Amino acid sequence: MLLYSCEWHMWKLKILLETEMVQKPMEFVKLVIPAGLYALQNNLVYIALSNLDPATYQVTSNLKLVTTVIFMRVILHRQFKYFQWTAVLMLFVGIVLVQIHAEMFSVSNSGHYLWGLISTLVIAVCAGFAGVYFEKLLKHSSVPFWVRNLEMYLWGLLSSGIGIVSYDLGSIKQHGFFHGYTSTVWFIVGMSGAGGLYASLVMKYLDNILKNFSSCTAIILTAIGSNIIFNTDTGVFFVFGSFLVCFSVFLYSIRNST
């Protein structure tokens, strides 16, 4: 996309990168914070999903809407209407119902439900802060959109690379970096990359709240898929809690026509 934005001229791309990244080092350094938080968040997802069933994780992770509200108020000084605060409260109630369901039916896969829940809460904080911070950089900077994304991914590669070297270097030396990369893994990597670009576009031209709106469909699809694949129980508490979460995201995203 960067090459396309430069009309497929390599010399234009070279000038663009030198101008925006080499000559503006402080703008480049600003991406360290969100890239590091996203790397931490991605690693915590594995812990969360190892200890929670997918449907419970998907609903509970929507606490990121609450953290997004808080950080948008603090960092972007965004004003919120009463029905939006009502939606946040409704989200809390929905998540509580899902947690009651989890305790009643013991939906945790490995018995470490608390670790999964704590990981999900940390993910929500990381996602909320990183998303709002990145939105501020996208909307309050002269750096082109695709250059910002490149900067983000470069720092993401660095932060993830540190984790790889720290924990998996021996395994990589023995089996190679791409050991275990099945077609399913490649598909997940591709979907995650596309999702990251989609999220950046939404934050650039809309905001973090509307980005979270898409989680409604994700919750429903995850619950259905979890029930079919893992035969998890979707009781009354889970169904009603999921409905409240979905409706709260919808209610929060309403814009007055005036």
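Helix 4 (32-51) and helix 8 (113-139) each supply at least two residues of the nonpolar patch. Helices are DSSP runs (H or I) of at least four residues, numbered from the N terminus. The model is predicted: local features need pLDDT of at least 70, side-chain atom pairs count only at pLDDT 80 or more, and totals for chains, interfaces and linings use all residues. Residues are numbered from 1 along each chain, and side-chain values use heavy atoms, without hydrogens and water.

**Exercise 1.** Find the residues that make the nonpolar surface patch.

*Solution.* 
- Apply the patch rule: over 30% relative accessible area, no salt bridge, and nonpolar side chains (Val, Leu, Ile, Met, Phe, Trp, Tyr) joined within 5 Å. A salt bridge puts a side-chain nitrogen of Lys or Arg within 4 Å of a carboxyl oxygen of Asp or Glu.
- List the members: Leu40, Ile47, Leu114, Trp115, Ile118 and Val122. The patch covers about 560 Å², by the Shrake-Rupley method with a 1.4 Å probe.

**Exercise 2.** Classify Ile47: buried, partly exposed or exposed?

*Solution.* 
- Locate Ile47: helix 4.
- Recall the classes: buried is under 20% relative accessible area, exposed over 50%, partly exposed in between.
- Ile47 has 38% relative accessibility, so Ile47 is partly exposed.

**Exercise 3.** Describe the largest nonpolar core.

*Solution.* 
- Define a core: buried Ala, Val, Leu, Ile, Met, Phe, Trp, Tyr and Cys residues joined through side-chain atoms within 4.5 Å.
- The largest has 25 residues; Val59, Leu91, Ile95 and Tyr252 have the most contacts inside it.
- Helix 7 gives the largest share of this core, eight residues.
- A second, separate core has 16 residues, including Phe28 and Val143.

Notes:
Patch = residues over 30% accessible without salt bridge, like charges linked within 9 Å, V, L, I, M, F, W, Y side chains within 5 Å. Buried < 20%, exposed > 50% of the residue type's maximum accessible area, 1.4 Å probe, protein only.
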